[in-house]
Amino acid sequence: MINKIVNLGDSALYCDFGQEVNKEINSKVIKYFNSVRKSNIEGVTNVTPSYNKLIISFNLSITNFKKIKKEIEILNIDYENKITNKEIQIPVCCENSFSLDIERLEKKLNLNREQILEKFFNKKYFCYMTGFIAGMPFLGDLDENMRADRLETPRVKVPKGSIGLTEQFTNIYTFESPGGWNIIGNTPLNVFDSFNENEPNLINPGDTVIFKEITSSEYKKYHD
Amino acid sequence: MINSYFELIRSGINTTYQDKGRENLYHIGIPYSGAMDNRNFLIANKLVNNNLNAPVLEFAYQGPHLKYRGDKISIAITGDVIFKIIKNGLENVGNCYESYQIESGDEIDIISTNKSTYGYLAIGGKIDIKYQWKSCSINTKAKIGSNNGKKLESNQTIKLLNLNSNKDKKKIDYINSKVENIRVIKGTNFNYFSDEGIKNFFEKKFTVSKLSDRMGMRLQGNKIDNILNTNIKSEGLIKGVIQVPPDGNPIIMLSDHGTIGGYPKIGIVASVDYDRLVQITPGSKIKFTEIQLTDAETLFKLYEMDTDNLLSQI
């Protein structure tokens, strides 16, 4: 259930599912997201799920907050319906030229390089949401002793394909962009494909991601 | 197949193809994009008999200098724009909100957007460009849209697939009004800020930073003090959201914004003021006033009626 619905400006609804970040709350958000999209409510122009919120944008020329709120309150949500999810393997190279923040992580986490990589690769991650820039997946959760803060000063340019860590989350930079996450490695895979309009994202909310370590020569082969 | 095209002698600083933008893609990280100033975009298209959602050239600060080759065509420029039309070596100062007939060899030199940020050039015909998710709008950050998602560059050409047959002169009397007072609806994290911070937010003026672009408008001059938490769990953003990062300087999300953000939201710009907001230039002042939801809804309806009224006069 939605805890609270308020307006976000004059052309969006802000649906609050709670303060915590966990799979259960996020699964509810995704179920609502799917139901809202399926229901084709007149005037809805965007539905944005995140860890524990759902934002529903609408066209103020043809509808308004009151009308959409009413539609959402009476919406039928199929809680039993399982979210279809895939398991996706992402090759990651962690050699020196790619693991830009490994030394920072070693200090912050009080673990050595091998321990960090072992913990990182020996886990399945859940995709909570995608966005910020096109296709970027927000994955979790990292082990308790793998959680580091963002960089004090964010990088102006994080290379495309970088794998970042911050708090309980890990992500993949789908484009070169500014960013403050701790970079542990880089994937040669194209995680976002704008020419595949029906399914541009390799990873979608609800999917499971497994990272697989590769060497730099294997990395190069992807680009051949 | 027709053989009419524009040659870009100079591309300008930030020239892109834009239409209304794309919907229903926030969840994969793709914002609306589209023309920043919707009213000026619509008027430009109407002046040259285009479909209202046809692609136009949007430019900022210094616009493009174009040379035309082909059959007679009509063009129109909207905004607060200084430009010249050059025919047989003779320069004529052009007027915004008025269509012009252009012949082979003529040049259009868009010198500046004067005291505004964005201007529009509509071309009476169909431009040969690619669409992604039903929109030509260029989002340079995610490399999406026509022209491979990149700004237009000098020496490239703008090819036309067909030209509109009706090339009658059209004009309206309209002044691109400038405001510094922007109406804002309280944000979902309003209570994260100190009483003094909120007082400063609504009573003092901010200066628009030079770092502003199609993604966001950065403001300086009054730091907004956060008393609860400088981060929230990342969540969706919309156009017009005003986020306050830990340094206390607000950032307003504009049409190419990131779709997810983790800074507290102090307010959201009312839709009625969005077209005017984006036209405020770096270095200018901006002031916020609080508005209630129902008033914002009513004022937006009136603004739309006014836009429709302008379009019906063309």
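**Strand pairing in chain B**

In chain B, strand 4 and strand 9 (residues 107-112) are paired in the antiparallel sense, with 3 bridges between them. The structure is a predicted model.

- Within strand 4 of chain B, Lys67(B) is the bridge partner of Glu7(B).

**Chain A as a whole**

- Chain A contains 5 helices and 13 strands.
- The C-alpha trace of chain A spans about 55 × 40 × 35 Å along its principal axes.
- Chain A has a radius of gyration of 19 Å, which agrees with the value near 17 Å that a compact globule of 224 residues would have.
- Of the 224 residues of chain A, 42% count as buried.
- Among the contacts in chain A with a separation of 6 or more, 62% are between residues 24 or more positions apart.

**Domains of chain A**

- Chain A is divided into two parts, domain 1 (4-73) and domain 2 (87-223).
- The centres of domain 1 and domain 2 of chain A, taken over C-alpha atoms, are separated by 28 Å.
- To the contact between them, domain 1 of chain A contributes 6 residues and domain 2 of chain A contributes 5 residues.
- On the side of domain 1 of chain A that touches domain 2 of chain A, helix 1 (residues 23-39) of chain A gives the most, with 3 residues.
- That side of domain 1 of chain A has 3 nonpolar, 2 polar and 1 charged residues.

**The nonpolar core**

- The largest nonpolar core has 138 residues, and those with the most contacts inside it are Leu13(A), Ile56(A), Ile75(B) and Ala122(B).
- Leaving aside neighbours within four places in sequence, Leu13(A) is in contact with residues including Ile5(A), Leu8(A), Ile56(A), Phe65(A) and Ile72(A).

**Contact between the chains**

- The contact takes 39 residues from chain A and 32 residues from chain B.
- On the side of chain B that touches chain A, strand 16 (235-236) and helix 4 (293-312) of chain B each supply at least two residues.
- Helix 4 of chain B gives the most to this side, with 5 residues.
- By class, the side of chain B that touches chain A has 14 nonpolar, 11 polar and 7 charged residues.

Technical notes: Residues are numbered from 1 along each chain as its sequence is written. Chains are lettered from A and ligands numbered from 1 in the order in which they are written. This is a predicted model: local features need pLDDT of at least 70, side-chain atom pairs count only at pLDDT 80 or more; totals for chains, interfaces and linings use all residues. A nonpolar core is a set of buried Ala, Val, Leu, Ile, Met, Phe, Trp, Tyr and Cys residues joined through C-beta atoms within 7 Å. A residue is buried if 20 or more other C-beta atoms lie within 10 Å of its own, exposed if 12 or fewer, and partly exposed in between; C-beta atoms are placed from the backbone. Two residues are in contact if their C-beta atoms, placed from the backbone, lie within 7 Å. Helices (H or I, at least four residues) and strands (E, at least two) are DSSP runs, numbered from the N terminus. Ala, Val, Leu, Ile, Met, Phe, Trp, Tyr, Cys and Pro count as nonpolar, Asp, Glu, Lys and Arg as charged, and the others, Gly among them, as polar. Domain bounds come from an automatic or database domain assignment. Two strands pair if DSSP finds at least two bridges between them. The radius of gyration is taken over C-alpha atoms; the globule rule is 2.2 Å times the number of residues to the power 0.38.
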